[in-house]
Amino acid sequence: FCNHHKLLTLISEIECEHIYLIGDIIDGWALKRKFKWHSNYNTIFQKILRLSRKGTKVTYLYGNHDDFLEHFDGLNFGDNITVAREVNHITIDNRNLLIIHGDQFDGIITNNKWIQKIGAIIYDFSLATNKIFRLFKFSFSKFLKQRAKEAVKYIGNYEETVSNYCKLNGYDGVVTGHIHHPIIKQINDVTYYNTGDWLEPYHNTIIVEHYDGKLELLYL
């Protein structure tokens, strides 16, 4: 369900010093259920590799859906490609940010993987339903998350947990993903950034650092 055409356009146009791929880039769980691979996926990775050859440092921070990369944790592929679970990034204005997918902070899925996998199937169903509602410029899965009280509570608990961890460990902020909820906000003196996803019809979000160190959430 990824919006790979838009992602390919983005990757073709950017130039940057760092690229952080913040987990669940390759959905290993979905591929296990049914292997489906679009040619654009190859092109996207080829363009990322080309950027690395030109000097862009690429860090792939694997999450829960691409946990098969755990075996490569800490390895460097060439000079500019690294696979890691988490890293820190110093912004131009000298702030120390934790970069992490974030499933480690999700107590529900960490302790109950079967719930995690059932949830992934249900989420795929909601994305399939989105295809029908797109005709009316409406996101069914986004509507469910915004209206379900437990979903809102879950998102709030996750954001609070991640931010508290960063505050205790001396970070100024955290850039994370996992819960598909793009946002920038202050929580307990920590700046919380969530990159969102490329699955929801109207997300297609990235977080960029400008030349003055400011981080911005962009909807493409």
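**Ser52, the cores and the surface**

Modeller: Let's start at Ser52, which sits in helix α3. Helices here are DSSP runs of H or I with at least four residues, strands are runs of E with at least two, and both are numbered from the N terminus.

Biologist: Before we go on, what should I know about the numbering and the model?
Modeller: Numbering starts from 1 along each chain as its sequence is written, and side-chain values use heavy atoms, with hydrogens and water left out. This is a predicted model, where local features need pLDDT of at least 70 and side-chain atom pairs count only at pLDDT 80 or more, while totals for chains, interfaces and linings use all residues.

Biologist: Thanks! Is Ser52 buried or exposed?
Modeller: Ser52 counts as buried because its relative accessible area is 8%. The cut-offs are under 20% for buried and over 50% for exposed, with partly exposed in between (1.4 Å probe, protein chains only).

Biologist: And which residues does Ser52 touch?
Modeller: Leaving out residues up to four places away in sequence, Ser52 touches Val58, Asn80 and Ile81. Contact means heavy atoms within 4.5 Å. Asp79 is 27 residues from Ser52 in sequence, and their C-alpha atoms are 8.3 Å apart.

Biologist: What about the largest nonpolar core, how many residues has it got?
Modeller: That core has 14 residues, and Leu21, Ile48, Val58 and Tyr60 have the most contacts inside it. By core I mean buried Ala, Val, Leu, Ile, Met, Phe, Trp, Tyr and Cys residues joined through side-chain atoms within 4.5 Å.

Biologist: Which element gives the largest share of this core?
Modeller: Helix α3 does, with three residues.

Biologist: Which residues does Ile48 touch?
Modeller: Ile11, Leu21 and Val58, again not counting residues up to four places away in sequence. Apart from this core lies another one, of 13 residues, among them Tyr171, Val174, Val190 and Tyr192.

Biologist: Switching topic, where is Phe72?
Modeller: Phe72 is in the loop between β2 and β3. Phe72 counts as partly exposed because its relative accessibility is 35%.
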